[in-house]
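Open the model in your viewer and keep the selection tool at hand.

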Amino acid sequence: MAVALLKGVVYREEDERLWGALLDLQARLRDYMAVLGLDLVLDEAEGYAFLKSRPEPAEDEAGPRLRRLVARRPLSFPVSLLLALLRKKLVEFDAGGGDTRLVLTRDEILELVRVFLPDSSNEARLIDQIDAQINKVVELGFLRRLKPGGGMVVGPAGFEVRRILKAFVDAQWLADFDARLADYQAHLAGGERAAGDVDE
């Protein structure tokens, strides 16, 4: 169980037996992971669990400083923007009720991002850049690629927006989202640069 969590996110839908054991042993797992400087984040309603590093103690606090077991990686500005747009789309989707799975096609994701990008004479290059950002978000685990016609999506291949995104792009960040868009467009005009970090 601990090994599965140390390897990455555990989803209820992917392994019901492991998920049940995780729920039964969560108090012991929290204690065990605390020794390693990690917190167990478990969302029963959304069906995911993962580990995150505990906040480092302040300079004036006593106590040992532990090395990070969970890597922290900077995200490029375009990837951060895509994550924010997907999170906002997830909020709109949840407000509509109905299905619990948000599935978007590649074209829908392209349209989400295109609005915030400067006009380009090289459309193919722009689409390649957005595809690279989508691939990075898939790699980070916030999107899951679905096969066309595999029963999960009808028509062209789609992407499921993973609900774990809510744990990384939180409600407070989203509350400031509209104010940040103007800053994002200014940054895009000035080129790519790191806009945030994510624990993996």
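Which residues in helix 4 meet which residues in helix 6? Select Pro78, Val79, Leu82, Leu83 and Leu86 in helix 4, then Gln133, Ile134, Lys136, Val137 and Leu140 in helix 6; these meet, contact being heavy atoms within 4.5 Å. The residues of this contact divide into 8 nonpolar, 1 polar and 1 charged (Ala, Val, Leu, Ile, Met, Phe, Trp, Tyr, Cys and Pro count as nonpolar, Asp, Glu, Lys and Arg as charged, the others, Gly among them, as polar).

This is a predicted model, in which local features need pLDDT of at least 70 and side-chain atom pairs pLDDT 80 or more, while totals for chains, interfaces and linings use all residues. Residues are numbered from 1 along each chain as its sequence is written, and side-chain values use heavy atoms, without hydrogens and water.

Now show helix 4 (residues 77-95) and helix 6 (residues 123-140) whole: their axes come within 9 Å and cross at roughly 70°. Helix 4 is therefore roughly perpendicular to helix 6 (65 to 115 degrees). Helices here are DSSP runs of H or I, at least four residues, and strands are runs of E, at least two.

Next, pick Ser76 in strand 4 (residues 72-76). Ser76 is partly exposed, at 26% relative accessible area (buried is under 20%, exposed over 50%, partly exposed in between, with a 1.4 Å probe and protein chains only).

Last, select Ile109, Leu110, Leu112 and Val113, the buried residues of helix 5 (residues 106-114). Their partners include helix 4 and helix 6.

Definitions and conventions
Axes fitted to C-alpha atoms, helices over the stretch in contact; angles between N-to-C directions. Parallel < 35°, antiparallel > 145°, perpendicular 65-115°, else oblique.
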